[in-house]
Amino acid sequence: MISIQEITKRFGGRTLFKDASLRIGIEDRVALVGPNGAGKTTLIEMIAGRVTPDSGTIAINKKAVIGYLTQELEAHQGKTVLDEVLSGSSDVSSIEHHLRLLEEEIATAPPETAEELLAHYGELQAKYEHLGGYSREARAREVLFGLGFKEKHLSRPMEELSGGWRMRAALARLLLSGPDLLLLDEPTNHLDLESVIWLEAFLAGYAGAILLISHDRNFMNRLAGRVAEVDRQQLISYTGNYDQFVTAKAQAQEILEATAKNQQKKIDQTQAFVDRFRAQATKARQVQSRIKMLDKMEKVAAAPRQKRVRFSFPEPPRGGESVIRLMDMDKSYDGNPIYRGLNVELRRGERIALVGPNGAGKSTLLKLLAGVLPFEKGERRMGHNVTQAYYAQHQLDLLSPDNTVLDEITLAAPMEEQSFLRAILGRFLFSGDDAKKRVAVLSGGEKSRLALAKMLIRPANLLLMDEPTNHLDIPSRDVLEEALRNFTGTICFITHDRHFIRSVANRIIEVQNGEATPYAGDYDYYLYKKKAIAEGISSAADERPSPAGPPPTVDSKFQPAKIRKTKEQKRAEAEARNRLYRGENPLKDKLSRIEMEIAAAEKAFEDLTSALADPELYQDKKRFFEQMGAHTKAKRKIEELTAEWERLSAETERKT
């Protein structure tokens, strides 16, 4: 459907692409990855026709309809949310408008022309039905509700919405229009976790092609069948999802480095021969032969490793066991109750993720914990020696555009030496003259790194973070995850990144219907418990604490009440246990079979690894690439089999 051939694009004195090529088929799902500033958005804008390449061609099927979700908000005046979304189906809207005009004409037309108008009306009506016109509003509502809108929001004027909600409406409009190719630039940035999961499921069943930029690892793993990386001005395509891309790239990097090392060893040996025998007439022919070989040799250069943020929180002062409590708290907005009699406690060492549907009150709860929001009733009690740092969802808006990077971090720690502040900035990739950049010219990712650097300056033993991963690329998210896992204080955070929740959280608090329900385990334990409750098979045996989480508190006010089970519930649990037992043996058979396959795959991988150690292999380029491809496939097969083995093992353990 789209063929990108040898395009080159420069901005100022910087080359983003040089003779880069890529093909996108009619049903391809491609994730576009690369470091911030590599040119991902520029490539999408070139496909959308908003930017022109300096050279090369972008050929697009003339019949293909392309839909582009930009990060820029357009001005909307006079349209409600529902009207705006419905206007995305331009052909349907045009037919609908013409049908209304025809109805008026037919009502007043003389008999001799009314019959002709009725015939035309019938043709248009059939086309309108074929395009889904009569179900269009129902589908629009379905998409809007999936993205977090409620019925009361649909009649609101677009200009009254915040930037994040207008972006959701723009996404709904695009999805309803159903283009042949969806170009999505960070579509999950303004969504909560529930909406991300809905969008993921919607796109998984989408009929057209998708090219997306995202920093959400789970999102790309679910959707992408191919990954295109912007690397050193080229577009390099990898088959598989994001995790498979990471593995394949790491293997390619290792092999390339080994190849470069072996080649350099051979070059050194050859050069040593030349230097040793250059002056000997009897060796002149051999010396000249080796010199020519060195001149003709195609040098293998390993790709330079990208700079990474080096991040760790300072060791905070030790606080009390009970870090903070909200007791019997009431909170309302404009007379609408959000919480009534809210009781929440955070304890030392907990890393808590707040989850729940959009509008349930997660950010409100975080603000109540941070003490930045007033409440009508109750008490907020801080623990002994507790200090807090609060990273708000709109933290980037608090940075002053006219300040330099160094000015901003100095405001957070005015008594610190400039050398210390510059060292902190260097760890967040603001080295040298980058510290003198004005905030106004920073990218979203750079602003996020600066805001996190400001938080790092002040040691605090309670971190409250609302969407800290927004605008961070995946390598930076990985570093933040590691820093938070190693943090010895207490963390409470909100994010729509499930990988981040799984990596960091050891306790979950679900916020829904004005209640904050604690789950004494990680995110997977929370999902397991939710599923068990939904299936009516929750039992005393399920109440196992997560090994990652601290023991529950003994204060009965903060404990969920025990529920007395009915006979029907007990019978359902017994039947569920029987079903699980009956399914146990087939699982064990599968495990045994996979273990045999893993052993065979590991043997094949060892043989291929031994073959790659032979220096002579690198003289035959065709044979080398064949061996390298086989090596990569063998390693990927082992990882896939191992992942399946781990999944089945966990399922077997859960069912015994």
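Is T270 buried or exposed? Select T270 and see: this residue is buried, with a relative accessible area of 7% (buried means under 20%, exposed over 50%, partly exposed in between, using a 1.4 Å probe and protein chains only).

Before moving on, note that this is a predicted model, where local features need pLDDT of at least 70 and side-chain atom pairs count only at pLDDT 80 or more, while totals for chains, interfaces and linings use all residues. Residues are numbered from 1 along each chain as its sequence is written, and side-chain values use heavy atoms, with hydrogens and water left out.

Now show helix α9, residues 242–277, which holds T270 (helices are DSSP runs of H or I with at least four residues, strands are runs of E with at least two, numbered from the N terminus). Beyond its neighbours within four places in sequence, T270 touches R290, M293 and L294; contact means heavy atoms within 4.5 Å.

Next, pick β2, β1 and β4, which make an open antiparallel sheet in that order. Edge strands β2 (14–24) and β4 (55–60) each have a single partner, so one side of each lacks a neighbour in the sheet. Strands β1 (residues 2–11) and β2 are joined by seven bridges (pairing takes at least two DSSP bridges). Zoom in on K9: its bridge partner in β2 is F17.

Last stop: β17, residues 507–512. Five of its six residues are buried, so the strand is largely enclosed by the rest of the structure. Parallel to β17 runs β12 (residues 351–355), joined by four bridges, with L354 partnering I509. On to β18 (residues 515–519), which pairs antiparallel with β17 over five bridges. In their hairpin, find N513, with a positive phi near 55°.
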